[in-house]
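The following exercises are to be worked with the sequence and the three-dimensional structure at hand. Each task is followed by a solution in steps.

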Amino acid sequence: MSDGETMGGLLEAGAAGATLTSAAPLRLDSGAVIPSLEVAFCTYGRLNADRSNAVLVCHPLTLDQHASARHPKTGKDGWWARVVGPGRPLDTDRYFVICSNVLAGCSGTTGPSSIDPTSGEVYGMSFPVVTVADMVRAQAVLLDALGIDQLFAVVGGSMGGMQALQWASDYPERLFSAVVIGAAPRHSAQNIAFHEVGRQAIMADPDWRAGDYAKAGVRPEKGLAVARMAAHITYLSEAALQRKFGRELQRDGLSWGFDADFQVESYLRHQGQVFVDRFDANSYLYITRALDYFDLAAAHEGNLAQAFRRARDVRFCVFSFSSDWLYPTAESRQIVRALNAAGARASFVEIETDKGHDAFFLEEPALHAALEGFMTSAAVARGLT
Amino acid sequence: MSGREDFREILRLVRPGSRVLDVGCGEGELLELLAREKGVDGRGLEISPEGVSACMARGLAVVQGDADSDLDYFPARAFDYAVLSQTLPQVRQPRHVLAELLRIAERAIVSLPNFGHWRVRLDLLVGGRMPLTHALPTPWWATGNIHLCTVRDFTELCDDLDLRIEACAALANGRPARPIDPKHPLENWRPESALFLLSRANGAPRPASAGERTDLFG
C-alpha cells in the first residue's frame, strides 16, 4: 500500500474509527522496544486542504478514542460529546478532531492484552512499562501516518492534560496551541498512593494469576472493581458525594449486616461493576504506572519552566476546578507559573464548581464558554475560518 | 473611573510592538486596545474568573491570579511595561507589588486615585464622612480599596523604593491629561487621579526609541 492510500484511508476513519498499524519499532523511555504498534483512533470533522485544523484530544485514564458520537460497545454518547461536536467548543464543523486510544490501553491500541508478535502470545506482564512520553510518541506516529505536521491544538483533561503538557515539552514545533484541563505537572505522593491501592486490589485477586488471566480464561473482576471504586472517590468532591447521596439508605432501615445499606455504597459497587465490563485489569496497572512515573520537571533538573523552554510560541490554556482534590488548583498554578517563567503565552482560569475532578467532562458551562473563547480566538490567529 | 480616561493616556505612552503586562486587567479592554492600536504583545493578570473568561474570548493571554502573590513567578525584565491601572489601592502589599512591577518590566505605568484631592479632604473635614468622589465612587463598606494614598505618599514611596518618576499626569473626568510635577505641593491637592510612568533609578532603562513619545503627556 502506498503512503497516499494509507493516509487517505486513515483520514476517513470517522466516528466508527480505524486502526493504524505501524511496522516501525517504537523505542520506549525504559529502553524497551515495541516491535510493531497499533493505534486505534476516531476522527470527527474534516481535515482542511492545508492540514492546519487538526485537534488531538487526549483521553483520561480509563476512557478511549470514542470522544464524541455513540460508543459502539456501550451505546452511550462519546465521553466528551459535550465538548466535541458540531457547534461545540471543539467544533467539528471547523476542526478535524482526532482521538486515539493510549499506548497500553485496551480499546484497540497496543497494550498488555495485545499479542506479542515475538512469542505469538498475549503480552500480559511481559508488556514493557510505558510512560506518558511513550503515549505521546505513539500519538506522534499516528499524526505522521495521517500526514499532519502541526496540530492546531492538543487538548486533554486529567491524564489527557498531562499528555498535552508532554506534547508541549517534546514536540513544541508540532503545536499551535495546547489546552490542559484538571492536570498536574507530576504525580503527587497522594496520587501514587491511591493508584497503589488500586493496583494491589487487582494483584490480590486470585483471578489475576500474575497477569496471565487471559490464558486461563478468567478475569480479576473483583480486584479491578475495587480499584475503580477507590479511584472513583478521588474523582468526586466531598460536596458532590454529600449532595448526591448524603446518608440516604437503599431501603427502609439498616440491615445490621454488610449489604450495601447506604446509597453511596451501592453507587460505588455499581461503578466498579460497569467498569470491569469495559476495562482490562492489566491496562489499568500499566496506565496508572505511567501516571505515577509522570514528572515533567524531572528531566530538567526539577525546573519545570525548562520543560517549556522550547514552547514559547505555543498558546496555552490551563483550567482547574475549585473542588478538584485529585489534581488541585495549586498544581495547575505550578504549570502556569512555569509557563510564565518560560515566557510562553499562557491563559489560566480556575472554574468554580463543586463537582470535583470529574467536572471536566460534566455539564460545566463556564468551562465550555471559556474553552470555546480560547479555541475561537486561536483559530482566528491561525487563520482558520 | 468612568470611561477609563487613564486608558487613553496609557495608549499614548506605550511604545508600538512592546511587551505589556496588565495587572488587574479586568475584561481585557485595555489589552485589546493596546493590541489593536499599538500591536502590543500583551499579557494579563486578573483575579476574577469572569474577567479571565472574557479576556480569553477576546483572544488575550490572561492568567487568573492576584498581584500580591503571582507577580513573583514572572522572570525579571520579561516585559517592557507593567500596567497597574487603578489597582494599587486594592492590593495587600502595595510596596511589594510596586517593586515587583519594576523587576519584571523596564517601566511601570501606575494610575491611582489621589486621596489628597481637595474634594476628598473637604468631604472628610466638613462632612466627617469617607469621601465619595468621581475617582472614589464606592461607599466605604463596598470598596476594594484598602491602601489609599495621596500623590505625595506615592511619590515618597517611589523615592523609598529607588524608582524614578519619568513622568506624571493629572487625570480628571472628561478633561485632557495634564502633565504635573508630583512633588509640587499644590499637585497634592489638585488631581483627582494621577498617572505615573516609572523606571528603576539604578537600572538603566533602554533609551527611548523611534515611535516612543518623549513629550509624555498633553
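**Exercise 1.** Among contacts in chain A between residues at least 6 apart in sequence, what percentage join residues at least 24 apart?

*Solution.* Begin with the conventions. This is a predicted model, in which local features need pLDDT of at least 70 and side-chain atom pairs count only at pLDDT 80 or more, while totals for chains, interfaces and linings use all residues. Residues are numbered from 1 along each chain as its sequence is written, and chains are lettered from A and ligands numbered from 1 in the order in which they are written.

Next, apply the contact criterion: two residues are in contact if their C-beta atoms, placed from the backbone, lie within 7 Å. The percentage for chain A is then 71%.

**Exercise 2.** Describe the overall build of chain A and the confidence assigned to it.

*Solution.* Step 1: count the elements. Helices (H or I, at least four residues) and strands (E, at least two) are DSSP runs numbered from the N terminus; chain A has twelve helices and 14 strands.

Step 1: divide the chain. An automatic or database domain assignment supplies the bounds: domain 1 (3-187 + 297-382) and domain 2 (191-290). Their C-alpha centres lie 26 Å apart, and 29 residues of domain 1 are in contact with 22 residues of domain 2.

Step 2: check pLDDT, the predictor's confidence in each residue, from 0 to 100. Its mean over chain A is 95, and 98% of the residues reach 70 or more. Over residues 1-5 of chain A, however, the pLDDT is below 50, and this stretch has one contact in the model beyond near neighbours in sequence. Where pLDDT is low, the predicted coordinates should not be read in detail.

**Exercise 3.** Is A:L151 buried or exposed?

*Solution.* Step 1: locate the residue. A:L151 is found in the loop between α2 (132-146) and β11 (153-157) of chain A.

Step 1: apply the cut-offs. A residue is buried if 20 or more other C-beta atoms lie within 10 Å of its own, exposed if 12 or fewer, and partly exposed in between, with C-beta atoms placed from the backbone. A:L151 is buried because 26 other C-beta atoms lie within 10 Å.

Step 2: list its partners. Leaving aside residues up to four places away in sequence, A:L151 touches A:A54, A:V55, A:L56, A:R174, A:L175 and A:F176.

**Exercise 4.** Characterise the contact between chains A and B.

*Solution.* Step 1: the contact takes 22 residues from chain A and 15 residues from chain B. On the side of chain A that touches chain B, α11 (329-342), β14 (345-351) and α12 (365-382) each supply at least two residues. The largest share, eight residues, comes from α12(A).

Step 1: turn to chain B. The buried residues of helix α3 (residues 49-57) are B:V52, B:S53, B:A54, B:C55 and B:M56. They pack against β13 (315-321), β14 and α12 of chain A, together with β2 (41-46) and β3 (61-64) of chain B.

Step 2: examine B:R58, in the loop between α3 and β3 of chain B. B:R58 counts as partly exposed because it has 18 C-beta neighbours inside 10 Å. Residues up to four places away in sequence aside, B:R58 touches A:S377, B:G28 and B:E32.
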